[in-house]
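Work through the exercises below with the sequence and the structure at hand. Each task is followed by a solution in steps.

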Amino acid sequence: MSETHVVVLAAGKGTRMMSAEPKVLHHALGLPLIEHVLRAADSLRPSSLVLVVGHLAERVEASLRKRPGLRFALQDPQLGTGHALLQAEPHLRGASGTLVLLSGDVPLLRAATLRALVAAHQSRQAAATVLTARVERPQGYGRVVRDAQDGRISYIVEDKDAAPHERAIDEINSGIYAFALEPLFPALRSIGAANAQGEYYLPDLVRIFRERGLVVETVSLDDAREILGVNSRRELADVTAILRNARVEALMADGVSIVDPASTWIGPDVLVGADTIVHPNVHLEGRTRIGSNCVINAGVRIVDSTIDDGAIVHNFCVITESHIASGARIGPFAHIRPLSDVGENAHVGNFTELKKTTLGKRSKANHLSYLGDATIGEDVNVGAGTITCNYDGTAKHPTVIEDGVFVGSDTQLVAPVRIGKGAYVAAGSSIVEDVPAGALGIARGKQVNKPGWVEKRKKKR
Ligand code: UD1
Ligand code: CA
């Protein structure tokens, strides 16, 4: 089998986005547009992968520097898509086989479609194969003009250059192509810029190849949505909605109950187990993994976290970079901040915040608490309004609460501090010293009752 190389174009200005950000770094369902495209490219296991950058090139490069195997070509100034591909030539010297060209702003393309494009291109031994589709509203796209006699592609005309009869054509150029490498770069150099935009149009290659008697083929898509390009915020929202819908459909097919698919946001890398119920307005993001038989109630946002089987997250919780074990119950209105770990069957109740805190099995922090930098054992009861004072204005300090401790309500634990196994802390205490195992720690002003004080005060007046 011959080699496959991929070039992705992402140097254009993206003027219609009206944005200070590079277009390809705008997110669709939690991933930058360019990441969607690069994943499609990866699916071909290409021998080389080159991204052409130009407008805000440093920002695009910086965001992708960690991606293995990705090489960058700079296009400056940006003189059109034909000129853009030419900039990748130094990376492809000596390469042979097929070059697949993708657009950084066409994020819905499926791996299967790319494979079909390459297979058709290679089996027909074409110089170029264009991925096309028929659409209801072809405005803005290049139109595929076919020979009246044999129906083969003759040329592609851009919307801005099209005559009325060409504009009426509903078959569009996706901007995605397979090329034979051998004739490609010489032909690219012969493209001119005598057109409405004064740019070197890559689709002009079709006409050039045809004039040279080379084979140009097309592969037509059944579902044109796959090649939607993102040129505006409107299109970004459209593409995002399609990705969102596809993700929830796939999860439902795998046995996840999604009560209101239209309001549920589940990222491409999120996994959810069967028989979990996801209520409306839930956002599951990043590398989140949710087990089976969980209930994720309305208004919850979970980012880069793991929720084990059978856990229940009540309404309006935010959970980030944390682990919630089986059978645990969270919320409503809980905030679980990074590096927290809630143990099996533990409870975190309303208006409780955890940060970098471990809560052991069956332990409870049910009401109005802040627990930061704390290691809390098993079967601990953290009373309402307990606060770990973990920050002294300069540094963070740890709190350790051992197994079986009972912390009374409205307690401050001034860290660093340790509450020994099975100890009690009296309600309303400000604990500044360790409490030994089995002891009662009490640290509050002694109560004084003054009999008849109210009557005496009245008389004084
Ligand atoms: C392009 C095609 C059009 C096709 C459409 C499909 C051309 C001339 N037109 O139009 O036939 O129907 O895509 O979506 O190719 N880019 C560069 N350098 C440049 C110009 C563009 O890298 O100098 C990149 C852009 O960043 C983008 C891609 O090429 O990723 C397409 O450019 P864009 O300006 O969006 O072309 P369209 O007008 O959409
Ligand atoms: Ca485009």
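This is a predicted model: local features need pLDDT of at least 70, side-chain atom pairs count only at pLDDT 80 or more; totals for chains, interfaces and linings use all residues.

**Exercise 1.** Determine how the radius of gyration of the chain stands against that of a compact globule of 461 residues.

Solution. Start with the reference: a compact globule of 461 residues would have a radius of gyration near 23 Å. The chain itself has 31 Å. Next, take the extents of the C-alpha trace, which spans about 110 × 55 × 45 Å along its principal axes.

**Exercise 2.** Describe the secondary structure, contacts and burial of the chain.

Solution. Count the elements: the chain holds 9 helices and 41 strands. Then take the contacts between residues at least 6 apart in sequence; 41% of these join residues at least 24 apart. For burial, apply the cut-off of under 20% relative accessible area. Buried residues then make up 48% of the 461 residues. Finally, the accessible surface comes to about 21900 Å², and carbon and sulfur atoms account for 51% of that area.

**Exercise 3.** Which element gives the largest share of the lining of the second largest pocket, and what classes of residue line this pocket?

Solution. The second largest pocket has a volume of about 570 Å³ and a lining of 20 residues. Nearest its centre lie Pro 107, Leu 108, Arg 110, Leu 243 and Ala 246. Two helices, α1 (33–42) and α8 (233–253), each supply at least two lining residues. The largest share, 6 residues, comes from α8. Sorted by class, the lining has 11 nonpolar, 2 polar and 7 charged residues.

Key:
Residues are numbered from 1 along each chain as its sequence is written. Chains are lettered from A and ligands numbered from 1 in the order in which they are written. Side-chain values use heavy atoms; hydrogens and water are left out. On a 1 Å grid over the protein atoms alone, a cavity is a set of points where a 1.4 Å probe fits but cannot get out, and a pocket is an open set with protein on both sides within 12 Å along at least five of seven lines; lining residues have an atom within 4 Å of a point. Grid points are joined across faces, edges and corners, and a volume is the space filled by probe spheres set on the points. Helices (H or I, at least four residues) and strands (E, at least two) are DSSP runs, numbered from the N terminus. Ala, Val, Leu, Ile, Met, Phe, Trp, Tyr, Cys and Pro count as nonpolar, Asp, Glu, Lys and Arg as charged, and the others, Gly among them, as polar. The radius of gyration is taken over C-alpha atoms; the globule rule is 2.2 Å times the number of residues to the power 0.38. Buried means under 20% relative accessible area, exposed over 50%, partly exposed in between (1.4 Å probe, protein chains only). Contact means heavy atoms within 4.5 Å. Accessible areas come from the Shrake-Rupley method with a 1.4 Å probe; for residues, only the protein chains shown count as cover.
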